[in-house]
Amino acid sequence: MSRPNLQAIRAIYLYEMGRFFRTILQSMLAPVISASLYFVVFGAAIGGRIDQVEGIAYGAFIVPGLIMLTVTTQATSNASIGIFFPKFLGSIYEVLSAPVNAFEIVIGYVGAAATKAFIVGLIILATAYLFIDLSIARPFAMILFLLLTCTSFALLGFIIGIWAANFEQLQLIPLLVITPLVFLGGTFYSTTMLPPFWQGLTLLNPMHYLISGFRWSFFEQADVPIALSLFAIAVFTVICLAAIWWIFRTGWRLRS
Amino acid sequence: MTSIIAVRGLRKAYDSGFEALKGVDLDIEEGEIIALLGPNGAGKTTLISTICGISRSTAGSVSVGGHDIQSDYRAARAMIGLVPQEISLEPFETIANTVRFSRGLFGRPPDEARIDRLLAALSLSEKKNARNRELSGGMKRRVMIAKALSHEPRVLFLDEPTAGVDVELRREMWDVVKELRRDGVTIILTTHYIEEAEAIADRIAVINRGEILLVEKTGDLMARMGRKELEIMLEAPLDAVPESLSAHALTLSPDGRGLVYGYDGRAQSTGVGALMADIQAAGLPIADIRTRQSSLEEIFVGLVKDEN
């Protein structure tokens, strides 16, 4: 009966993207520099002395995992700051009193955060081309995977932003959970190189499925079947959506 | 006059058991300025927050322009603009962008001409592209008002608009409010200063401990507020009010040393002069004199007493 408030989605999205473009240098430079360092050190310098991994040059092998590392942390931190900042300033009152529903708020904030992470991801990919000999077997699948990852981690970031009571907590999950999981999920190695016990343990790491799937779109080789990777990311997205639905229904940490 | 906001049996209880609103009924008429007057913690902000959708009610209903704030929240909220007590602006954002965001959020398509007019009306045109952090306190407050007005609301809530504001800015705020009323906007403001409510409001609703104690036309309430008492302390105690002073409505204090005279402080003839002359003529030596004006607090006490 009530029409969706498209103007509100547009306003939130543009406002959040405005923040990104206002600080474009910091937004882009830091992730690009750190990714370039990885490419130079592990790809160009050390990579030349490392054997191929599953028939792929080591420098190229690590590219998908490093892009994942960047976009997951970017999407999470962008989305968490996007909703945490108005909460911290007090300007969240406006969003709560506006004629918008939870869905529209989430599309606006999460959409903008995912877009930013996606742009950063593409720039890292372009940077990789500068240092490493690379070809992408399935570009459409690659783009789709990138988009899904950006969106689902922006959803996670949105939850963290609502949960966090201070700036320290905001950094907690990305630093303590996401980064280690990406590192241990096979960014720098194929999990088939691990002893059986650790291989089994890696299957509990959700990042493993993302990295494996993303790597498949580059090289058509994966540690786990591609369908399983897609399933894993779908499950993760659904969990995040359910948590957000619960947050808005109960008003948890948003409304008194 | 039709009521643009109808509050019925509104209750708000916190998990701790504290009841911030205890069954509030209130009708706000279209086009009026109504002041919610009450001490700190009376429930003014809770009432506003609940009507605007920031805080949830435990029971009761509210409709805005005939739209229920829960079942038809989009239509209800689109009619409302809110200026909260605290200033909360993103420091690095420009004024124009801040106001554009608010307009979009409330479902209105971009309209630069309208935003320009709004900023001009609030004397913010020159600062249009300045960042929020570069503004003075008064300007920040005006930006908050511009945000609330950006989507052309029919109802404007101003929560303690002059708390911590200097005299000049206060006058400026009242000019803005009066201008809005001329445009037909209904204005609800909260305050704990009776003078403030008197200066601007058509009606005053007195709220205390989560209950509306009364809603009255400002003039009627002020007449009640105007009660003054004159107490004359005598050098020697009396047993009774002397016969020669019986024309004046005097009461004698229990210790017999004070004569108390109640009068309307706003009346043209208060009778104070005649009383003093008669006391002198009666030869009563006066030790001291003091006057008291009935305060908002006394009205509260009086109202609470009436209830019991």
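1. Start with two helices of chain A. The axes of helix α3 (residues 58-89) of chain A and helix α6 (residues 139-163) of chain A come within 7 Å and cross at roughly 40°. The two helices, α3(A) and α6(A), are therefore oblique to each other. The crossing of α3(A) and α6(A) is right-handed. Look at what lines this contact: 15 nonpolar residues, 9 polar and no charged. Keep in mind that the model is predicted.

2. An angle over 145 degrees would be roughly antiparallel, and one under 35 degrees roughly parallel. From α7(A), the contact uses Leu181(A), Val182(A), Gly185(A), Gly186(A) and Thr187(A). From α9(A), it uses Met207(A), His208(A), Ile211(A) and Ser212(A). By type, the residues of this contact are 4 nonpolar, 5 polar and no charged.

3. Now turn to the place where the chains meet. How many residues does the contact take from chain A, and how many from chain B? It takes 24 from chain A and 26 from chain B. On the side of chain A that touches chain B, the elements giving two or more residues are α1 (6-22) and α4 (92-97) of chain A. The largest share, 8 residues, comes from α1(A). This side of chain A divides into 11 nonpolar, 9 polar and 4 charged residues.

4. Next, the interior. In soluble globular proteins, nonpolar side chains tend to be buried together. The largest nonpolar core in this model has 136 residues. Which members touch the most other members? They are Tyr109(A), Ala154(A), Phe158(A) and Phe157(B). Helix α3(A) gives the largest share of this core, 14 residues.

5. Leave out residues up to four places away in sequence, and Phe158(A) touches Ala79(A), Ser80(A), Ile83(A), Val106(A), Tyr109(A), Val110(A) and Ile244(A). One of these partners, Tyr109(A), is itself named with Phe158(A) among the core members that touch the most others.

6. Check two backbone angles in chain B. Glu160(B) is not a glycine, and its phi is positive, near 45°. Glu160(B) sits in the loop between β7 (155-159) and α6 (167-182) of chain B. Is Glu160(B) buried or exposed? Glu160(B) has 22 C-beta neighbours inside 10 Å, so it counts as buried.

7. Arg209(B) is the other case. Its phi is also positive, about 45°, although Arg209(B) is not a glycine. Arg209(B) lies in the loop between β9 (203-208) and β10 (211-217) of chain B. With 16 other C-beta atoms within 10 Å, Arg209(B) is partly exposed. The reason is the cut-off: a residue needs 20 or more such atoms to be buried, and 12 or fewer to be exposed.

8. Finish with Phe248(A), which lies in helix α10 (residues 226-250) of chain A. Phe248(A) has 16 C-beta neighbours inside 10 Å, so it counts as partly exposed. Compare its position with that of Thr73(A). Phe248(A) and Thr73(A) are 175 residues apart in sequence. In space they are 24 Å apart, C-alpha to C-alpha.

Terms used: Residues are numbered from 1 along each chain as its sequence is written. Chains are lettered from A and ligands numbered from 1 in the order in which they are written. This is a predicted model: local features need pLDDT of at least 70, side-chain atom pairs count only at pLDDT 80 or more; totals for chains, interfaces and linings use all residues. Two residues are in contact if their C-beta atoms, placed from the backbone, lie within 7 Å. Helices (H or I, at least four residues) and strands (E, at least two) are DSSP runs, numbered from the N terminus. Ala, Val, Leu, Ile, Met, Phe, Trp, Tyr, Cys and Pro count as nonpolar, Asp, Glu, Lys and Arg as charged, and the others, Gly among them, as polar. Axes are lines fitted to C-alpha atoms, for helices over the stretch in contact, and angles run from 0 to 180 degrees between N-to-C directions. Angles under 35 degrees count as roughly parallel, over 145 as roughly antiparallel, 65 to 115 as roughly perpendicular and the rest as oblique. A crossing is left-handed if the near helix is turned anticlockwise from the far one by less than a right angle, and right-handed if clockwise. A nonpolar core is a set of buried Ala, Val, Leu, Ile, Met, Phe, Trp, Tyr and Cys residues joined through C-beta atoms within 7 Å.
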